[in-house]
Amino acid sequence: QVQLVESGGGLVQAGGSLRLSCAASGNAFNTRAFEWYRRAPGKQRELVARIKILGSPEYGSSVKGRFSISRDNARNTVFLQMNSLTPEDTAVYYCREPLGDYWGQGTQVTVSS
């Protein structure tokens, strides 16, 4: 069983930055991959970023070059650094552990123009 708790969302002006955190409980954090998704109003859920145990992180085309996913295995936490935010990034952001299909409750990110 894995529980995921996101934090760090909020309201930011276009061009600004936010860092989201996903705190994971449960065991074997360092053997798990993690993903960030987002769902904007009226749109389908979108994969934003993925970090695996090995290899390079992966990003959705709409965020590549602006967002960065990382993990701190000592703190059982995954981060999503979001830079150069635009109003199109406004969404609820979710953390997911794909092996067990565990999801967090989401954190709202709102980017004003």
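## A cluster of rings

Ring pairs link Tyr37, Tyr94 and Trp103 into a cluster. Rings of Phe, Tyr and Trp (its six-membered ring) pair if their centres lie within 6.5 Å; planes under 30 degrees apart count as stacked, over 60 as edge-to-face and the rest as tilted. The structure, a predicted model, holds three aromatic pairs.

The pair of Tyr37 and Trp103 is tilted, because the ring centres are 5.1 Å apart and the planes stand at 50°. Tyr37 belongs to strand S4 (residues 34–39) and Trp103 to strand S10 (residues 102–103), so this pair ties together parts that are 66 residues apart in sequence. Strands here are DSSP runs (E, at least two residues), numbered from the N terminus. Trp103 also pairs with Tyr94, edge-to-face, at 6.3 Å centre to centre and with 80° between the planes.

Tyr37 counts as buried, at 13% relative accessibility. Buried means under 20% relative accessible area, exposed over 50%, and partly exposed in between (1.4 Å probe, protein chains only). Trp103 is partly exposed at 28%, and Tyr94 is partly exposed at 21%.

## Charges over rings

A charge sits over a ring if NZ of Lys or CZ of Arg is within 6 Å of the ring centre and within 35 degrees of the ring normal. Arg45 lies over the face of Tyr37, 5.7 Å from the ring centre. The charged end of Arg19 sits over the ring of Phe79, at 4.1 Å from its centre.

## Basis of the values

Residues are numbered from 1 along each chain as its sequence is written, and side-chain values use heavy atoms, leaving out hydrogens and water. In this predicted model, local features need pLDDT of at least 70 and side-chain atom pairs count only at pLDDT 80 or more, while totals for chains, interfaces and linings use all residues.

Methods. Helices (H or I, at least four residues) and strands (E, at least two) are DSSP runs, numbered from the N terminus.
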